[in-house]
Amino acid sequence: MHFISTELEDYIEKNSENEPELLAALNKETYQKILLPRMLSGHFQGRVLSMLSKLIRPVNILEIGTFTGYAALCLCEGINENGQLHTIDIKEELVDFQRKYFDKSPWGSQIVQHLGEAISIIPTLDKKFDLVFIDADKENYINYFELIVPKMNKGGVILSDNVLWSGKVLEPLQKNDSSTKVLLEYNDLLKNDPRVESVLLPIRDGLTVSRIL
């Protein structure tokens with residue numbers, strides 16, 4: 001579902017910062033070789049992630065859902081020189097693809113890959129995070145949030161992707177649609193949880209910015 005016209009999306013992209021060459025190459029190879037390439041954040045959302053990270057200047061970043069590493073590299077553009085980005089994914093076949101591009105970037109040594117279930121890995125991370133990007137299985141968004149909040153620094157930011165879910169959040173809920181059900185509950189949680197203040201942005205498939213109070 002397009003929330004704005006393709007023509008307006010093109011205009012927005014052309015009048016935002018250019019996509020860095022390394023990310024353009026990653027984008028192209030993802031579409032050439034990887035299943036479901038649309039999962040990649042892409043030029044415009046990537047520039048949004050980059051800008052937010054540069055404004056926050058995080059020391060420690062957590063990403064849940066690496067895919068091919070595009071968003072991770074965008075988030076690293078604002079990372080503190082002594083910081084780390086920890087990224088979690090369950091797809092073993094993508095680890096080498098991710099690492100190839102991580103090591104071509106200036107932040108290769110600062111990026112730590114974790115392979116496995118985020119529900120199990122997050123509790124093992126002995127870190128306080130300034131910035132978190134949630135972009136994995138929708139059924140666990142609430143579980144991820146509850147695991148993450150105690151590990152956030154005050155004033156830290158949680159970014160939640162795909163919260164509009166192709167507009168399904170406005171449609172009658174289908175009986176077996178667990179992803180939309182959880183996203184509806186999650187969006188309500190972010191609106192009403194006293195631990196955060198949130199704003200939902202209609203960027204691509206919906207991106208909520210939540211600040212820890």
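Here are some notes on the aromatic pairs, the strands and helices around them, and a few loop residues.

1. Ground rules first. This is a predicted model, in which local features need pLDDT of at least 70 and side-chain atom pairs count only at pLDDT 80 or more, while totals for chains, interfaces and linings use all residues. Residues are numbered from 1 along each chain as its sequence is written, and side-chain values use heavy atoms, with hydrogens and water left out.

2. Let's start with the rings. Searching the whole structure turns up 3 aromatic pairs. To pair, rings of Phe, Tyr or Trp (its six-membered ring) need centres within 6.5 Å; planes under 30 degrees apart are called stacked, over 60 edge-to-face, and the rest tilted. Tyr141 and Tyr186 have ring centres 5.3 Å apart and planes at 80°, so this pair is edge-to-face. Tyr141 belongs to helix 7 (residues 141-148) and Tyr186 to helix 8 (residues 178-192), so the pair ties together parts 45 residues apart in sequence. Helices here are DSSP runs of H or I with at least four residues, strands are runs of E with at least two, and both are numbered from the N terminus.

3. Are these two tyrosines buried or exposed? Tyr141 is buried, at a relative accessible area of 0%, and Tyr186 is buried with a value of 0%. The cut-offs are under 20% relative accessible area for buried, over 50% for exposed, and partly exposed in between (1.4 Å probe, protein chains only).

4. Tyr186 has another partner. Phe145 and Tyr186 make an edge-to-face aromatic pair, with 6.1 Å from centre to centre and 80° between the planes. Phe145 sits in helix 7 and Tyr186 in helix 8, so this pair ties together parts 41 residues apart in sequence. Phe145 is buried, as is Tyr186. Through ring pairs, Tyr141, Phe145 and Tyr186 are linked into a cluster.

5. Now for helix 8 itself. Its 15 residues should span 21 Å at 1.5 Å a residue, and the end C-alpha atoms are 21 Å apart, which agrees; the expected span is 1.5 Å times one less than the number of residues. Its buried residues include Ser179, Val182, Leu183, Tyr186 and Leu190. The buried residues of helix 8 pack against strand 4 (129-134), helix 7, strand 5 (152-161), strand 6 (196-201) and strand 7 (207-212). Contact means heavy atoms within 4.5 Å.

6. Strand 4 deserves a look. Strand 1 (residues 60-64) and strand 4 run parallel and are joined by 4 bridges, with Leu62 opposite Val132 in strand 4. Strand 4 also pairs with strand 5 in the parallel sense, over 5 bridges, and there Leu131 stands opposite Val157 in strand 5. Pairing requires that DSSP finds at least two bridges between the strands.

7. How do you get from strand 4 to strand 5? The chain crosses through helix 7, and this β-α-β crossover is right-handed. That label applies if, with the strands pointing away from the viewer, the path from the first strand over the helix to the second runs clockwise.

8. Over to Ile34, in the loop between helix 2 (21-33) and helix 3 (43-56). Ile34 is buried, with a relative accessible area of 17%. Leaving aside neighbours within four places in sequence, Ile34 is in contact with Glu29, Phe67, Thr68, Leu94 and Phe97. In helix 2, Leu23, Leu26, Asn27, Glu29 and Thr30 are buried, and the cover over the buried residues of helix 2 includes helix 3, helix 4 (70-76) and helix 5 (95-104).

9. Two lysines sit over rings. Lys100 lies over the face of Phe97, 5.4 Å from the ring centre, and the charged end of Lys104 is over the ring of Tyr101, 5.0 Å from its centre. The test is NZ of Lys or CZ of Arg within 6 Å of the ring centre and within 35 degrees of the ring normal.

10. Finally, two backbone points to check by eye. Most residues other than glycine have a negative phi. Arg57, however, has a positive phi near 55°; it lies in the loop between helix 3 and strand 1 and is partly exposed at 46% relative accessibility. Ser166, not a glycine either, has a positive phi of about 55°. Ser166 is in the loop between strand 5 and helix 8, and counts as partly exposed at 27% relative accessibility.
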